[in-house]
Amino acid sequence: MGQPPRIADFRSDTVTKPTQEMRRAMYEAKVGDDVYGEDPSVNRLEELGAQLLGKEAGLFVTSGTQGNLISILTHTVPGQEIILESESHVFYYEVGSAALIGGVQTRTIPGEKGVLDPDKVEAAIRTDDIHFPATGLILLENTHNRAGGAVLSIADMTALSAISKRYCIPLHLDGARIFNAAAALGIEAKQLASQVDSVMFCLSKGLCAPVGSLIVGKKDWIERARKWRKRLGGGMRQAGILAAAGIIALEQMIERLPEDHDLAQYLATGLAEIPGLDVVFPETNIILIHLKDKNWTAPKLLERLAKEGVLATEFSPTTIRFVTHKDVNQEAADYALSVIKSILS
Ligand SMILES: *Cc1c(COP(=O)(O)O)cnc(C)c1O
């Protein structure tokens, strides 16, 4: 390891660079003013996304975080409560925007590998008591990031969907990585989407687009969401430049996701052979490792790894996350494994 460090970047699938096809499509994209509804590339992307997920309409948004916030704003009114998993991205990583901008209170329930127990959700739904906020939304995450890319099965989602229907409470899916979930289950993403009222999914993660996410749902719901996007300053004019890459993401990049899952298995198998590490075996493209050796903390190990060009993310003081994606391969995994082995031994 005397040579200058190479870069093996396992921090996130968000680091993926756009493909040559995406760059070409962006260069050649037909564009118009999307606030007037006149950008053909954005319109095509929104139709394609809705169609893939089996929903009536779609809306191109700047990020997954904006998509989830717009979904919450469109489903709820201020003063309501939303039910979500304790480690969900919306609760953990979205800067409190549901409370600050949406005026809703979060009711978190710890899940089992990211899966909410339907009985616990039902018990958390508020009754019509003068003291209580009304439950305005139930929110799921599939795959579940902090649970290590864990997958909610169709059965998991159906059980929660039944409760949402029984109590007439809308159900939103944070499906940032829904295509990873579908690939792992060997089903189409629309089968998962059919269980919920709205879905947010990211174009900019494993699907490698440079920017953007989509939300999909019923036509009138999307029209109201479009107004919320405008209020948040998200009207984007000639956004077809970006949408063009998103179209390639949906047309060409979904089918390669199993490669990321295979690489995650390969990396996890190698990590499991290194003493001092407790490896959570991946269901998709995310691997969590817990440090058993008290001499090591996540920040300390990550700093040493970074000096050798191996990058990953701190998930807790003793937990590190590795994510596989298009821009890492078996060679990068082998390099990361050799660096980790030599540092820990
Ligand atoms: C990444 C992610 C988001 C947010 O997406 P950004 O585009 O980074 O804002 C939301 N939910 C989950 C589960 C994610 O992994």
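Predicted model: local features only at pLDDT ≥ 70, side-chain atom pairs only at ≥ 80, totals over all residues.
Biologist: Nice. How many charged residues are in the lining of the second largest cavity?

Modeller: About 40 Å³ of space lies in there. Its lining is made up of His89, Glu141, Thr143, Asn145, Asp174, Ala176, Arg177 and Lys205. Dividing them by type gives one nonpolar residue, three polar ones and, for the charged group, four.

Biologist: Now the domains, please. What area is buried between domain 1 and domain 2?

Modeller: Domain 1 covers 8–15 + 256–344, while domain 2 spans 20–252. The contact draws 15 residues from domain 1 and 20 residues from domain 2. Carbon and sulfur atoms give 53% of the buried area, whose total is about 1600 Å².

Biologist: Good to know! Which residues of domain 1 lose the most area to domain 2?

Modeller: The centres of the two domains, taken over C-alpha atoms, are 28 Å apart. On the domain 1 side, three residues together make up 36% of what that side buries: Leu257, Glu283 and Phe315.

Biologist: One last thing: which side chain meets Glu283 in a salt bridge?

Modeller: The rule finds two salt bridges across the interface of domain 1 and domain 2. As for Glu283, the N to O distance in its salt bridge is 3.2 Å, and the partner is Lys113.

Terms used
Residues numbered from 1 in each chain as written. Heavy atoms only, no water. 1 Å grid on protein atoms, 1.4 Å probe; cavity = no way out; pocket = protein on both sides within 12 Å on 5 of 7 lines; lining within 4 Å. Points joined across faces, edges and corners; volume = space filled by probe spheres on them. Nonpolar A, V, L, I, M, F, W, Y, C, P; charged D, E, K, R; others polar. Domains from an automatic or database assignment. Contact = heavy atoms within 4.5 Å. Buried area = accessible area lost by both parts, 1.4 Å probe. Salt bridge = Lys/Arg side-chain N within 4 Å of Asp/Glu carboxyl O.
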